[in-house]
Amino acid sequence: MAETYTLSLTAEDRFVEVFAAVLAFDPKRLEKDLRDSLFGQHIVSDIVLKAVTSFMTDSNPNKPLVLSFHGTTGVGKNHVAQIIAKNIYENGIESYHVHTYISEHHFPHKEKSDLYKAQLKQEIYKSVSSFPRSMFIFDEMDKMQPQLIDVIKPFLDYKLNVDGVSFRNAIFIFLSNAGGNVIAEVALDLWREGICREELWMNSKELETKIFRKIFNDKNSGFLHSSMIDEHLIDYYVPFLPLMLKHVRQCVMAEMSHLKIKPNYELADKVAREMPFFPEKERIFSAKGCKSVRQKLALYDN
Ligand SMILES: Nc1ncnc2c1ncn2[C@@H]1O[C@H](COP(=O)(O)OP(=O)(O)OP(=O)(O)O)[C@@H](O)[C@H]1O
Ligand SMILES: [Mg+2]
């Protein structure tokens with residue numbers, strides 16, 4: 001269980017952190033960050049920019065912001081959560097006000113669910129009561145026990161407050177692979193029809209309906225067993241598309257810059273082509289997105 005920042009900070013640290021924690025939100029900066037560092041996710045960029053901007057510029061939101069990210073592995077879900085955090089908190093994802101939970105890491109034992117429930121409830125409550133603009137990221141949401149999802153639910157609602165604390169300035173982001181394969185199938189169908197994936201939008205090819213249906217019907221997903229979806233507590237479902245060779249190449253170039261290696265387009269192309277692609281014959285989409293690109297690149301760096 002992640003420690004609450006009250007336990008890990010001295011009073012003086014805490015004072016400094018609370019007052020230096022939040023940046024003045026600048027939608028132009030978020031737009032630029034998404035444009036410069038997120039590749040091949042036009043639907044995500046569009047939804048995230050609009051959702052975060054309208055929430056952050058609303059002086060009196062009527063509920064916390066709740067985003068649910070869906071997509072196959074390595075397509076940028078954590079990356080986008082980091083970009084959002086970087087635009088809100090001075091210390092970005094490292095801020096004491098950003099709490100990240102990874103289901104199988106923080107809540108691994110089924111039999112301990114009562115303990116997890118109590119801890120999680122207390123932690124969310126404590127964090128928001130001392131700092132209303134807190135952010136909670138739940139990774140592997142589809143692997144989370146439904147009872148734990150139910151603990152989060154009351155905090156997401158349109159209530160004035162929960163036990164005297166308002167949650168309306170808090171941000172919740174759920175990351176999952178749920179619906180990822182459906183998104184990839186839709187993108188592949190389009191490609192087979194000769195339509196490029198940049199033409200796919202949330203309202204095209206019934207993408208939204210298909211994602212919902214998939215998440216609803218997945219018997220293994222914690223989402224199904226929780227009433228979170230029925231109660232419309234999620235404000236935005238955000239579909240991440242599978243990445244193509246050109247996007248993986250961009251990821252390699254970005255890693256070169258990160259590792260302070262001289263930009264080398266040919267090397268980027270070579271590294272990108274070594275990644276696995278699917279379908280096996282046509283090799284259209286990267287099977288691991290941009291995951292482990294840095295490690296692949298490191299093999300060539302001498
Ligand atoms: N669309 C993208 N644009 C830019 N970089 C990306 C993109 N997708 C992935 N990356 C890079 O690849 C790394 C792995 O991606 P990330 O951790 O965000 O994947 P994920 O979607 O959360 O996958 P998983 O479902 O396996 O958790 C990121 O740190 C980032 O550097
Ligand atoms: Mg992830």
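What follows is a short chat about a helix pair and some backbone details.

Colleague: Which word describes how α12 sits relative to α13?

Modeller: Keep in mind that this is a predicted model. Helix α12 covers residues 245–258 and helix α13 covers 265–273, and their axes are 8 Å apart at an angle of about 125°. Since angles over 145 would be roughly antiparallel and 65 to 115 roughly perpendicular, the word for α12 against α13 is oblique.

Colleague: Where is the cis peptide bond, between which residues?

Modeller: Most peptide bonds are trans. Here, look in the loop between β6 (277–278) and β7 (285–286), where Pro279 sits. Omega is about -10° for the bond in question, and the residues it joins are Phe278 and Pro279.

Colleague: Is Glu140 buried, exposed or partly exposed?

Modeller: Glu140 lies in the loop between β3 (135–139) and α8 (146–156), and has a positive phi of about 55° without being a glycine. A residue needs 20 or more other C-beta atoms within 10 Å to be buried. Glu140 has 19, so it is partly exposed.

Colleague: And what is phi of Arg283 near?

Modeller: Arg283 is in the loop between β6 and β7, and counts as partly exposed with 15 C-beta neighbours inside 10 Å. Its phi is positive though it isn't a glycine, near 50°.

Key. Residues are numbered from 1 along each chain as its sequence is written. Chains are lettered from A and ligands numbered from 1 in the order in which they are written. This is a predicted model: local features need pLDDT of at least 70, side-chain atom pairs count only at pLDDT 80 or more; totals for chains, interfaces and linings use all residues. Axes are lines fitted to C-alpha atoms, for helices over the stretch in contact, and angles run from 0 to 180 degrees between N-to-C directions. Helices (H or I, at least four residues) and strands (E, at least two) are DSSP runs, numbered from the N terminus. Angles under 35 degrees count as roughly parallel, over 145 as roughly antiparallel, 65 to 115 as roughly perpendicular and the rest as oblique. A residue is buried if 20 or more other C-beta atoms lie within 10 Å of its own, exposed if 12 or fewer, and partly exposed in between; C-beta atoms are placed from the backbone.
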